[in-house]
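Hi everyone, thanks for coming.

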Amino acid sequence: MEDYSHTPAHGMSLLGNLPRGFLGVNDVCGPFSRRPVIAPEVSRSCAEMDKSRADASQRFSEIIELNVGGQVYVTRHSTLLSVPNSLLWTMFSQKTPTELTTDSKGRFFLDRDGFLFRYILDYLRDQTLVLPDYFKEKASLLKEAEYFQLQELARRLRPAVSKENSISEEVCQIDPEEAAHAGTSVCTGPRSPSLEAKKTGYITIGYRGSYTIGRDIQQDAKFRRVARITVCGKTSLAKEVFGETLNESRDPDRLPERYTSRYYLKYNFLEQAFDRLAEMGFHMVACSSTGTCAYASNDPNEDKIWTSYTEYVFSRE
């Protein structure tokens, strides 16, 4: 018969009889630990671990994901802190991650213009402002700069009043001599088409459409269903004509003097594209179309589905 006379009284810790280091901190700390009674040194380790975990939850990671109006941006934490006293600096230096609004995927959410935020983020990276030619959203970008409390960017975007009391087209009002002494570059704004000779060239508009012709040829359904309007031509010319309505996502790094056939418009109304080309001095010089026919089923009496591809060539001389 075993002798239990030397067993510690009920409620006393058995850890004192174990060799030091027999149980690790992870064995007695955490939600799944079994620790009826914990030795003092292990208790202190648990407290330090809990504190470390709490501190980690209050710190931002080096890489930050933002959801701005549905557009996702990824940047460094230091970039968001590059302009002291701005709204983003306050959010990501004076607050904790748990205090900021996040979306369903844990990205920090900002209910602002997702497209214009790209220029805000570019400015935060190196404090310079570079806008595309014929940028038409300057007033909206100024509004965003004021919202994010970027005073210098807002100052550059505010239009200057000339002697004739008209609004200047300059983005940065920096005196060239002052900039030369300071060793900084002179920032110039978008040029107005009325102030320079318009570029000559060709732009081709294309679309793929489909329509159905039933047994009665007088009936048609879904006629000219346009999914996407493509733009082919010189990059600089396409941007001049269509501006912010041009989607460059399929060919984002094309140089201004290079040609592309991968741009398309953000709308699918041909007449809107034609009106814009006419306003910019273009006129149609050629048109071509091809089409194929297929049956919806093997029954020749069923509706015929036609698919066509059409191109319109516009010129400005």
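**Charged pairs, one by one**

Let's begin with Asp251, which is buried at a relative accessible area of 10%; buried means under 20% relative accessible area, exposed over 50%, and partly exposed in between, using a 1.4 Å probe and protein chains only. Before going on, please note that this is a predicted model, where local features need pLDDT of at least 70, side-chain atom pairs count only at pLDDT 80 or more, and totals for chains, interfaces and linings use all residues. Residues are numbered from 1 along each chain as its sequence is written, and side-chain values use heavy atoms, leaving out hydrogens and water.

So what does Asp251 meet in a salt bridge? Its partner is Arg254, at 3.0 Å from N to O. A salt bridge here is a side-chain nitrogen of Lys or Arg within 4 Å of a carboxyl oxygen of Asp or Glu. Arg254 is partly exposed, with 26% relative accessible area.

Next, Arg316 and Glu240 form a salt bridge, with their closest N and O atoms 2.9 Å apart. This pair links distant parts of the chain, 76 residues apart: Arg316 sits in strand β10 (residues 304–316) and Glu240 in helix α9 (residues 235–242). Helices (H or I, at least four residues) and strands (E, at least two) are DSSP runs, numbered from the N terminus. Arg316 and Glu240 are both buried.

My last pair is Arg112 with Glu144, a salt bridge at 3.0 Å, N to O. Glu144 is buried too, at 7% relative accessibility.

And how many salt bridges does a search of the whole structure find? The search finds 12.
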